[in-house]
Amino acid sequence: MELDPDDIFRDEDDDPDNDFYEEPDLQMDFPTSDFLTFHRISRPDSGFDLGFFICQHWQEDDKDETHFHIALSCISQSLKTQIINRSYDEVAICFFNTREKKNLQDLNGIYVFNVADRDDIDRPTARLIKEFDLVEESFTKEIGSKYGIVSGSRENSLYNAIWVAQALLRKGSAKTADKRILLFTNEDDPFGSFKGASKIDMTKTTLQRAEDARGLGISIELLPLGRPEEEFNVSLFYAGLIGLEGDELAQFIPSAGQKLEDMKDQLRKRMFTKRIVRKINFSIANGLSIELDSYALIRPTVPVLFFELGNDFFSSEWYLSCPIDSMQTERSFFCADTGAVLQESTKRVQIYKNKTVKLSVDELSEIKRVAPGNLCLLGFKLLSCLKDYHNLRPSTFLFPSDEDIIGSTRLFIALHRSMLRLERFAVAFYGSTSRPQLVALVAQEEVIKGGGQVEPPGLHMIYLPYSDDIRDIEELHSDSNVAAPSANEEQIKKAAALMKRIDLKEFSVCQFANPALQRHYAVLQALALEEDEIPEIKDETVPDEEGMSRPGVVKSLEEFKLAVYGENYDEENDHEKASEASKKRKATAELAAKEAANYDWGELADNGKLKDLTVAELKYYLTAHNLPVAGKKEALISRILTHMGK
Amino acid sequence: MARNKEALLLLIDVGPSMHNVLPVIERVCSTLIEKKLIYGKYDEVGVVLFGTQDTKNELTNEVGGYEHVVVLRNLGVVDADILETLQPLPRGTCSGDFLDAIIVGMDMLIKKYGETNKGKKRLCLITNAQCPIKDPYEGTKEDQVTIIADQMTARGMRMESIAVRGRIGAEANQRVMEENDRLLNIFSKRTRAKLVHVESPISLFGALKTRNISPVTIFRGELEVSPKMKIKVWVYKKTSEEKIPTLKKYSDRAPPTDKFATHEVKVDYQYKRVEEPDSFVPPEQRIKGYRYGPQVVPISSAEWDAVKFKPEKGVKLLGFTDAGNILRHYYMKDVNIFIPEPGNTRAILAVSALARAMKEANKVAIVRCVWRQGQGNVVVGVLTPNISDRENIPDSFYFNVLPFAEDVREFQFPSFSNFPASWQPTEQQQEVTDNFVQMFDLALPGKEEALLPDLTPNPVLERFYRSLEMKSNNPDAAVPPLDETLKKITEADPELLSHNNSALDEFRRAFELKENPKLKKSARRLLREKPSGSNEREEHALIPVQSANHNTNEATSSLKIEKVGDITPVQDFEAMISRRDSPIWVDKAIMNMKNKIFDLVEDSYNGDNYPKAVECLVALRKACILEQEPKQFNDFLRYLCKFCKEKKLGSFHDFLASKELTLITKTEAADSEVTEDEARSFVVKSEPM
């Protein structure tokens, strides 16, 4: 009677209907660890992407070498991106038409490239990328190439390659993993040297092989490398292999070229699985409530700091072979009085009225529980009531679900439409356990650009500040009896003219990559792969100096400046006024330098007499040498010693 | 500490027309004092009441007049006694003159501090300003107020006036109120004063700033429009989340006799290799490691400093764009404000010209900011104009951080138009919803905008400080319930609901919602199976589903049970049936359980397994009711009885009957075809065996 838990998945490999190729699933499902947990890395339990690069090596001639180089660098680039973006995806690399053979099936002409401590198909590692980058140099010696498919021989290395790929891609179910074969080749007619029946036969068996692979949910993508004078003719053979028909055929070559380019410069950006953060019960009015799912669409991405490690572990190359799982961190609590190890303590204290007031963790969470944990509608307001300063944290996206409560979606759509039409947002109370607060629910219409969804339809939950969180900065300086003139018509006109000149027409919020993060990834890559140079990162966020120096812009800038600052605007004058503080600083520095000259610092340091000086005296040295003067006396002394190199 | 010491005088109108709001004033003033006891222990506070029967102030002794003004507490360092003087506030019987109270307050501040403590002297006036102030001996009321306001400026005092109006203000003479408003407005114009009108207890609560924070700039420097055109600006935080204080962990290990025990808890992190659990990495040997694929790459901080991204300090304009290009939900963080350098007329004009031009054309500016030298990242954000409506306040910009390309997750969602027709609202439903959205309005013209963030206090903070105060007096005090006034922030306003009853009813009738019967998954089960003793509210607790950290999810639910075992069959079964990763688990669990029960009965020797079998049966029965699978249970029970009859295991029947275990009836599960009578007779019928 016992059901095998795997039973339900068992048959799908043989299921002829399960044809992934018909509906290529480009929206891949990548598991990632939660970016908030620094100390523990979760294992993938759902889908992952299995990639398989097949790369043909060609006959030795100069022109083809270039093709091989293009293919290799393309794979290398895409591995370097993948290890950051979707490091749980698995990958294998295989060459065909090789002299040497290395594969489980022991087929001729097939070489599966791999490094130590790694399965043939596995997550990419630093070592894999590093050694792959060197493969080109040693290729002739180690692997070598041999054109496998020649008439008279029964070998069919293309057929073998797909077979090997298919065997490796058996890993993981087609339901949870997106399986792809990327095939790089510059030979548009692999069986060109065959004649008659044997050609038909070879073609037929190879196509059948590819067809079988697709039947198992593996998609095959072709990345052809054409020669300028002789275009890659996809219709000769490969159209059948990758299943192109009709119109697709005409569009194939241009799109394949684009794909190759895209692989090379993809943004390093960690990918996150689409995941429901919470299921939220949205109570609308007396007992009427619907079901919503919340998603985090916008969250700051930070480098994943794993933990701090003992540096003695790094004496060798261990990290290239030591996976994360072999490290763990332990947190322990000690009683400061007795030194006893404590379990997680549940008592908290606050000094209040000179008394130590104790509160338990449970009491604290009870205090925070001011409302039932759902989202409760309070009413609607016009969108103009939502001010620009009514913001605290990144918003959360809400989308309806009919999973538990049927009719939720219908009600949601109606509300969504009404709010858009009437230009209102909803005010609601969100009773989360960490910070219960007022939220604004702003309806967002679906936006589709270039065939892709740019903004999904739904509600954005914006966390509103309380009065305690808002500061009256505007009034802070209102007693400085200076009138606060507002600009006149002329000045506003000049400002408007300037604005027109420097208008970012196509601006979209996420057009800039974070230069600090990109730099971090580049440094990480350089260190992991022991590259000599850190790849240059372009900072896209700097102003467009060229654009700013166009005559039109310069002219309107000058006019605006003249309008608001007047003719006799003198920057020097302005500077002087502001630099009173810096003058003072300069004077102190001069004094310090003079005073510092009165001591023989080297001797004082050698005899350990620095501690006999006063803090003020120590600061002479620090100020004179432009060092920070903060800290206790010991800190100052050690800073001086460090500076003297002692 | 002492540098930021604030001197605060509360001027509270306790006249008859104020009586209904005094309880709220007591609470908000208490919160203010409670916060000061933590954050501003050296601040000085005094309380002046007006509208009282009595008169008690120094001015009346010295020069006469100033009747019905009572100094309840002289200026002094904040202490717990103030809380007692505030609760309750004495109720007054006369109409108060707020100007008298202001003068008494100013006099107290001047006498105590003279010229010192500039800018830290604060007056808080809470009144409904419904009673006319006395005519001065010479000049007009306006002249008098102007002189006082100028004095305030000269002495470096600030004033906040909270005028209670509208729903909670009593009926009053319109003319007097208008005059008083005009007079109070003179203060705002001539000195550093703020006037807030409040119409609800919530906004009265929120109007008083209960925590005094001296703002500091996060940037002073130039907003660089181009290398040749720069504007001097100061940047402050406009919003910043006020949290409850971070409490220290407490250790009770020290012996009670130890008077010098710190009771502190120290935390230590240790890093170990799994293979060598005894290894320990001393702190000085630790360096940071970052993930790279499945491995960790170590980077020492020195190495990192040498190569990290080092942008130059400065704020640079990238350009302007249509406000419509920046959707509201892209704002990432708390908000900053750019104000022109104080006192710098050119900067004020430049900011004003830009802000007003942006406002007119509905444009925003995109800027790149590095606030400090040595900051390791840049921030790209949007400046939106903030046009001032007061003469002594210059125009400014609000600044919101925008996401980078890496921060946006491009999840795809279905279009609403792709949903089945049964999910689309009908025209009639849409109409009803439109009406509902329109009627359920929180910001009606002519009335105070309800729940304006600027005037809505954080209920958790109030509750925390009140708990702290209660605990300090009685360590065993329970957490007090949420203040009734503040509870209204968390729920829909009953008044608003009853006003729009018809629209609401129509709306509710238009939509039919029902629980999905097909899906009987742990979501609902988890709710129902909460321990019955737990707080009622927990019943509505959020169900974290697939929480961001799926690690925890697995750990907490530990639902990886795949079969019903021998040792804890009931627990296994319950865990299995709650599994949500696939709908097959319900059927599988039931099937497994049936087999288990069967085995138990069959393998039983002299009925030794019967109690366990019945335990399992009870669990199965309960689950079948919950999962609405009564037939599964009923068929099984019948089959089991038949089996026992054949195998002459009658004793099991008797055991069942003694436990009153029977078929699931129609009343328990709608899908059942068994009536109550049938169920009752099922047990009885079996008995003769």
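Which residue is the bridge partner of Ile405(A) in strand 18 of chain B? The legends below begin with that pairing. The model is a predicted one, in which local features need pLDDT of at least 70 and side-chain atom pairs count only at pLDDT 80 or more, while totals for chains, interfaces and linings use all residues. Residues are numbered from 1 along each chain as its sequence is written, and chains are lettered from A and ligands numbered from 1 in the order in which they are written.

**View 1. Strand pairing between chain A and chain B.** The bridge partner of Ile405(A) in strand 18 of chain B is Glu515(B). Strand 15 (residues 405-406) of chain A and strand 18 (residues 514-515) of chain B run antiparallel and are joined by 2 bridges; strands here are DSSP runs of E with at least two residues, and helices are runs of H or I with at least four, both numbered from the N terminus. Two strands pair if DSSP finds at least two bridges between them.

**View 2. The contact of chain A with chain B.** Chain A contributes 199 residues and chain B 203 residues to the contact, where two residues are in contact if their C-beta atoms, placed from the backbone, lie within 7 Å. On the side of chain A that touches chain B, helix 9 of chain A gives the largest share, 11 residues.

**View 3. The barrel of chain A.** In chain A, 7 strands close into a barrel in the order 6-7-14-20-17-16-13, with mixed pairing. Neighbouring strands of this sheet are turned by 40 degrees against each other on average, direction ignored. Strand 17 (residues 437-444) and strand 20 (residues 458-463) of chain A run antiparallel and are joined by 6 bridges, and Val442(A) stands opposite His460(A) in strand 20 of chain A. Helix 9 (residues 408-421) of chain A lies across several strands of chain A, including strand 7 (288-295), to which helix 9 runs at about 80 degrees; axes are lines fitted to C-alpha atoms, for helices over the stretch in contact, and angles run from 0 to 180 degrees between N-to-C directions.

**View 4. A helix pair in chain B.** Helix 1 (residues 22-39) and helix 11 (residues 459-473) of chain B pack at an angle of about 70 degrees, with their axes 10 Å apart. The two helices of chain B are therefore roughly perpendicular to each other, a term that covers angles of 65 to 115 degrees. The contact is made by Thr31(B), Glu34(B) and Lys35(B) of helix 1 together with Glu462(B), Tyr465(B), Leu468(B) and Glu469(B) of helix 11.

Methods:
Angles under 35 degrees count as roughly parallel, over 145 as roughly antiparallel, 65 to 115 as roughly perpendicular and the rest as oblique.
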